[in-house]
Amino acid sequence: MATGNINVSVENIFPLIKKFLYSDHEIFLRELISNATDATLKLKHLTSIGESKAEYGNPFIEVKVDKEGKKIHIIDQGLGMTAEEVEKYINQVAFSGAEEFLDKYKDSAKDAGIIGHFGLGFYSAFMVADKVEIITKSHTDAPAAYWVCDGSPTFILEEADKKERGTEIILHVSEEETEFLEDSKISELLVKYNKFMPVPIKFGTKTETLPKPEGAKEEDPAPTQEVDNFINNPTPAWTKQPADLEDKDYKDFYRELYPMQFEEPLFNIHLNVDYPFNLTGILYFPKLDPSVGIQKDKIQLYQNQVFVTDNVEGIVPEFLTMLRGVIDSPDIPLNVSRSYLQADGAVKKISSYITRKVADKLSSLFKNNREDFEAKWNDIKIVIEYGMLSEDKFFDKAKNFALIPTVDNAYFTFDELKAKIEAAQTDKDGKLVVLYTSDKDAQHSYIQAAKDKGYEVALLDSPIVSHLIQKLESTYENTTFVRVDGDHIDNLIKKEDTTVSKLNDEEKEALKTTIEGVVPKETYTVQVEAMDSQASPFIITQPEFMRRMKEMQQTGGGGMAMFGNMPETYNLVVNSNHSLVEKINAAENDEAKSALIKQALDLAKLSQNLLKGEDLTNFVKRSFDLI
Ligand code: ADP
Ligand code: MG
C-alpha cells in the first residue's frame, strides 16, 4: 500500500480556472467590484473599531474603459494591500482573504457585509484579460506594491509609487473579449450586477440639465453640466427596516427594480429574518395580466447586495415565482446544482419561511381591509389558488381567506358560502351542492335558470379551478361542486316536487323512444321529466365528473389520461310538460316529428355553444326555411 499527496501544481490548474471556473465570462466585473467593495467595507470596519488611523471619508469605486489601450481599470479607495499581503492573498489561489477577515473579526464584522467567499473571484479576471496589473497602497504606512501577471504561473511583484490609499486593477482585455471594451456593455453589466451594491460606483459622466437663469428667453436652451455618473443605489429599500419605510418607498423601489413596468404593484411583503438563516427582501404581488401569459423569473436573487440570478427556482416555492421583487441571502449555496438545492435543509427552511410570510400577509390584508382584499381578488387569485393546490401548509391558511365570488359580485369565504347555502342547496344524499359557472356568457341560460330558482351561483373561472374543486371536495367531505350546466338542477337538489305531470309513465316512455330514434345514441342519454311548463323543452347537460376529469387532464396533472380519449357524452333532458312536446306528439307523420326534434336539439346545442361547422350551417338554413 502507498499513500501520498496528489500534486496539484499551479501550471495545471491555471488553465482550468480560466476555462471552466465560471462559464459566464461577464461575471469578472461583478467579482472585481465585489473585491473593491470588500476592501472599502473592511476599511470602514477597521476605522470604526480604531484599528486603522486612515481617514475613511466618502470612498467610491471607479470603473474606466480605455478602448484604444484595450484596458479596463477598476479603482477603489479601500484598505489596499502591502507587498506581503499581495503575496499572501493574490498569489495563493483559493485562499480567501474575505474569509480570513471574517474569522479574525468574527462577531464585530458579522454585519459588515463582506462578500468574498472562496478566494477564487480575483482570478476570474483572466477569463477576459491576458494580462492583469495590480497597483495598491495599503492604509498603513507600508509602501505601495505593483504586481503583474500574464496568465502564466510566473508573476512580478515590486515596489510602486502610488500615493493614495486603495487599489487599482488593470485588465488588458484579450482579443476574443473586446466586447467588454464597449461602454454600453460595461454599463449594462454594472446595472445588472451592481445596481444595489453598498459602495458608490462611478462610471463616466452624465449631462445634467440646470435651471434656466433669471430673465432667460423662452427659446434659450437650458444650461447643462457634466457630472459624475454613479450607477448604484447603495441603500436599497430591502436593506432598511420596515418601520422606516412608507408605502411610497415600496412603490418607488418597485419602479427602480422594473423601470419598464407601468402597473403599480398590488401590495408588498417585507422579508426580514436573521435566525436560523439570514434573509432579507421585498416581494411584490403584481397585477397579473393573463393575456400575456404567466410571467416568471421576475424575482431577483442577491447575496449581500450583489445580483446573482433571476432564476429562483428551487429557492422560492413554484407558485410564488409569479411574484416580483428581491431576495437577499448569503445562506443560499449557489455553487450547487438546482436539484440539490431543493433538497438542501437551509433552502427548504427559506422556502417555507417565504410561504408562511406570504400567507400571513394575505391573511392580515383579508382581516384588516376586506373590501380592498375583495377588490384585488381577481388579480391575486391565480397565485393563491395555485398555492393551495401545491402546498398543503399554504392551503391550511389560505382556506380561511380564499374567496369564492358569486355571479352577482358577492364574495364569500368557503365557510361563509356553506353557511349561506346550507338550507337550500343539498342533494338527495344530503350533500351540500355548490353550483358554479366557469363562464358567465357561455353558460348564461343555465345561470339564469338556477338564479330563478333562488340558488347562489359561484363564479369560478380560473384555469386550474377543476383541480381546486377536487381538492376542496376531498377536504370538506360533505360538499360537492356542480357546474350550472352539469347535471340537471331539478334532479340534483332535493326539494318538494309540486309539478303535475301532463303525461303518464307510459306516454313518457313512448316519447323517450321517439326522441331516441332521432338523436345520435352514442352522444345523448335521453331523460324525460315533468318540469315547470316554462322551463326549456330540451336541455343539454354534461355529467360533472366526466367534464372535470377532461378539464383536469387538459390543464395538466391530476386528471387521468383515459378521460381524454373518451367521446363527449351528454344528457338530453326533455321537459314533458312543455307545449312543444304536445306538438311533437301531434305531428302528422314521422318526418314532421323528426324535424321538430332536430330543430329543438339544435336550439339546445346552440345555447350550450355546441353547434358548430356543418351542423350550424344546416341549422341556419332550416330556420330560414321555417320562417
Ligand atoms: P475572496 O474575495 O473570496 O476572498 P478573491 O480571489 O476575490 O477571493 O480575492 C482574494 C483576496 O485578495 C481578497 O480576499 C483580498 O484579501 C485580496 N484583494 C482582492 N482584491 C482586492 C482589493 N481591490 N483591495 C484589497 N484587497 C483585495
Ligand atoms: Mg472576491
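View 1. A search of the whole structure finds 28 salt bridges. The model is predicted. One of these bridges joins the side chains of Lys-70 and Glu-175, with N and O 3.3 Å apart. Lys-70 lies in the loop between strand 1 and strand 2, and Glu-175 in the loop between strand 6 (166-173) and helix 5, so the bridge ties together parts that are 105 residues apart in sequence. How accessible is Lys-70? Its relative accessibility is 34%, so Lys-70 counts as partly exposed. Glu-175 has a relative accessible area of 54% and is therefore exposed.

View 2. The side chains of Glu-188 and Lys-185 meet here, at 3.7 Å from N to O. Both residues belong to helix 5. They are three residues apart, about one turn of the helix. Is Lys-185 buried or exposed? Lys-185 is buried, because its relative accessible area is 15% and buried means under 20%. Glu-188, at 44% relative accessibility, counts as partly exposed.

**View 3. Asp-408 and Lys-451 form a salt bridge.** Their closest N and O atoms are 2.8 Å apart. The pair links distant parts of the chain, 43 residues apart. Asp-408 sits in the loop between strand 14 (403-405) and strand 15 (411-413). Lys-451 sits in helix 12 (residues 444-452). Both partners are partly exposed: Asp-408 has 46% relative accessibility, and Lys-451 has a relative accessible area of 33%.

View 4. Salt bridges link Asp-247, Lys-251, Arg-255 and Glu-264. Look for these four side chains together.

View 5. Strands of a sheet pair through backbone hydrogen bonds, either parallel or antiparallel. Follow the strands in the order 5-4-3-6-2-1-7-8; their pairing is mixed. Which strands stand at the edges? They are strand 5 (155-160) and strand 8 (224-230), and each pairs on one side only. Neighbouring strands are turned by 25° against each other on average, direction ignored.

View 6. Strand 1 (residues 61-66) and strand 7 (residues 201-209) pair in the parallel sense. Three bridges join them. Ile-61 stands opposite Ile-201 in strand 7. Helix 5 (residues 183-194) lies across strand 1, strand 2 (71-75) and strand 7. At what angle does helix 5 run to strand 7? The angle is about 105°.

View 7. The order is 9-10-13-11-12, with mixed pairing. Strand 9 (267-273) and strand 12 (306-309) are the edge strands. Each has a single partner strand, so one side of each is left without a neighbour in the sheet. From one strand to the next, the twist averages 20°. Strand 10 (residues 279-285) and strand 13 (residues 324-328) run antiparallel, joined by five bridges. Across this pair, Tyr-284 stands opposite Arg-324 in strand 13.

**View 8. Two charged ends sit over aromatic rings.** Arg-324 places its charged end over the ring of Tyr-258, 5.9 Å from the ring centre. Lys-471 places its charged end over the ring of Phe-395, 4.8 Å from the ring centre.

**View 9. Aromatic rings pair up.** The whole structure holds 24 aromatic pairs. Among them are Tyr-123 and Phe-126, with ring centres 5.9 Å apart. Why does this pair count as stacked? The ring planes meet at 20°, and planes under 30 degrees apart count as stacked. Tyr-123 and Phe-126 are both buried. Ring pairs also link a cluster of Tyr-193, Phe-196, Trp-238, Phe-253, Tyr-302 and Phe-307.

**View 10. The whole chain sets the close-ups in context.** How many helices and strands does the chain have? It has 20 helices and 21 strands. Of its 627 residues, 46% are buried. Now take the contacts between residues at least 6 apart in sequence: 69% of them join residues at least 24 apart.

Terms used: Residues are numbered from 1 along each chain as its sequence is written. Chains are lettered from A and ligands numbered from 1 in the order in which they are written. This is a predicted model: local features need pLDDT of at least 70, side-chain atom pairs count only at pLDDT 80 or more; totals for chains, interfaces and linings use all residues. Side-chain values use heavy atoms; hydrogens and water are left out. Two strands pair if DSSP finds at least two bridges between them. Helices (H or I, at least four residues) and strands (E, at least two) are DSSP runs, numbered from the N terminus. Axes are lines fitted to C-alpha atoms, for helices over the stretch in contact, and angles run from 0 to 180 degrees between N-to-C directions. Contact means heavy atoms within 4.5 Å. Rings of Phe, Tyr and Trp (its six-membered ring) pair if their centres lie within 6.5 Å; planes under 30 degrees apart count as stacked, over 60 as edge-to-face and the rest as tilted. Buried means under 20% relative accessible area, exposed over 50%, partly exposed in between (1.4 Å probe, protein chains only). A charge sits over a ring if NZ of Lys or CZ of Arg is within 6 Å of the ring centre and within 35 degrees of the ring normal.
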